[in-house]
Amino acid sequence: MPDHDTLIIEASQILTCPGGSEPRRRGSMSDIGLVEDGAIAIRAGKVEAVGSREGIGERFPDAERLDLSGHVLAPGLVDSHTHAVFGRYRLDEYEQRCRGVPYMEIARRGGGINASVRDLRQRSEAELVDLGRARLRRMMEHGTTTAEVKSGYGLTTEDELKMLRVVRTLAAEEWIDLVPTFLGAHAFPPEFRERRAEYLDLVVDEMIPAVAEEGLAVFCDVFMEPGVYTPEETRRVLEAAVTNGLVPRLHADEFESSGGAELAAEFDAASADHLGAISEPGIAALAGSRTVATLLPGTLLFLGKSYYPPARQLIDAGAAVALATDYNPGSSPTVNLQVVMSIACSQLGMVPAEAFVAVTANGAAALRLGDGRGTLEPGAPADVAAFGVPDYRLVPYLYGCNHCAAVWKRGVRVH
Ligand code: NIG
Ligand code: FE
């Protein structure tokens, strides 16, 4: 009798990314646990076993079988930094940037993040859910099965809560797993431009407690950068976050070094993100901490910068490196982690195996998932992405397109 509870998928290569939920460092960043010409058995939404086609076939003789020869199976990708809930695209700014106006200059003129803030405040929760749904499905079609999503385009208590409720609704209704982050300190909204301390009071005394009370976020993030949040302001927000049970993460040293990586490590943040301008002490601080260095090179590419974060130096120093899209309408409008891997390999000196670990196991570590997501080890949730190429290195190599051919979420085929 066929065993309808077990599914065997056979493939040319399976990347198991072994090592549990610990962040991968140094040599283990390239340990993808490659199984050539193998098979995976999935049962009750979890990975049951991975091995040779024959071995798995003998263990589960009655299972349903799917032959994906010519494909690579990898853990469902984990995009650990996105701003996926937003209203319209920012095409006028894009055109200005193409003409050479820098991103931070556009922000100083009142555009940038605040353009998305003005837009989002006018939209209903239902409208944002619909916009978000379509975007999350596109993420899933590109192989992403878990994504972090930040608030930060509301910047009033009501609008920040609205954004996080959108994330909660989408998490309940869609297959993709979402991890919510409160980012009330993403910018200073125009009405508080001359009253920064008062806006901080609002974030610390009202927004963070309200978010915590409703259980709307796991993490709290701050855009710490010269011209945005100072180290002192950031410290105040993160202290309030910790007091209220939210775990810190940080937009750090994106364009200029201001001690962001060091501050993230000091707060035992889950991750320090961007790091385009991280300092030597910042690298040492991350290497000696649990804080994952999350690199977002798609942002620097899209913003036309000619520098990238020192991924090689970070890995060699012992920092755990993750890669994410930063998906947002201003600085990185891509949902495609495969392209981010291509940039990491061509511009950051990472090898394809490291890039895969950075978008799977280390993405999961950056979100402190702790349940085996980001791996295909027995017992892990059966979140699987199938890529239509016979060698995993072809995923970043044949760059610019979507190789994802199929996706399973907790054992259910969703794409
Ligand atoms: O990570 N750096 C700050 N925040 C986003 C950009 C958001 C936006 O421009 O809307 C980022 O790049
Ligand atoms: Fe960001």
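Is Leu-200 buried or exposed? Select Leu-200, which lies in helix H7 (residues 196-213), and you will find that Leu-200 is buried, with a relative accessible area of 4%. Here buried means under 20% relative accessible area, exposed means over 50%, and partly exposed lies in between, with a 1.4 Å probe and the protein chains only. Helices (H or I, at least four residues) and strands (E, at least two) are DSSP runs, numbered from the N terminus.

Before moving on, keep in mind that this is a predicted model, in which local features need pLDDT of at least 70 and side-chain atom pairs count only at pLDDT 80 or more, while totals for chains, interfaces and linings use all residues. Residues are numbered from 1 along each chain as its sequence is written, chains are lettered from A and ligands numbered from 1 in the order in which they are written, and side-chain values use heavy atoms, with hydrogens and water left out.

**The iron ion**

From Leu-200, go to His-251, which is 51 residues away in sequence and 17 Å away in space, C-alpha to C-alpha. Now show the iron ion (ligand 2), which is coordinated by His-81 (NE2), His-83 (NE2), His-251 (NE2) and Asp-326 (OD), at 2.1 to 2.3 Å. Donors are N, O and S atoms within 2.8 Å of the metal (3.2 Å for Na, K and Ca), and water is not among the atoms, so sites may look incomplete. His-81 lies in the loop between strand S5 (77-79) and helix H2 (91-98) and His-251 in strand S10 (residues 250-252), so this pair ties together parts that are 170 residues apart in sequence. Both can be checked for cover: His-81 is buried at a relative accessible area of 0%, and His-251 counts as buried at 3%.

**Ligand 1**

Select ligand 1 next, and look among the 15 residues around it for Arg-90, Tyr-103, Tyr-153, Asp-326 and Ser-331, which come nearest; a residue is near a molecule if one of its heavy atoms lies within 4 Å of it.

**Helix H6**

Move to helix H6 (residues 157-173) and pick out Lys-162, which is buried, with a relative accessible area of 11%. A polar contact of 3.1 Å joins the side chains of Lys-162 and Asp-159; such a contact is a pair of N or O atoms within 3.5 Å, where, within protein, one must be able to donate a hydrogen and the other to accept it, and residues adjacent in sequence count only if both atoms are side-chain atoms. A polar atom of the Lys-162 side chain also lies 3.4 Å from the backbone oxygen of Arg-121. Leu-170 lies in helix H6 too, and Leu-170 is buried at 1% relative accessible area.

**Helix H13**

Finish at helix H13 (residues 337-347), which is mostly covered, with 8 of its 11 residues buried, among them Leu-337, Val-340 and Cys-345. Just after H13, select Gly-349, which takes a positive phi of about 75°.
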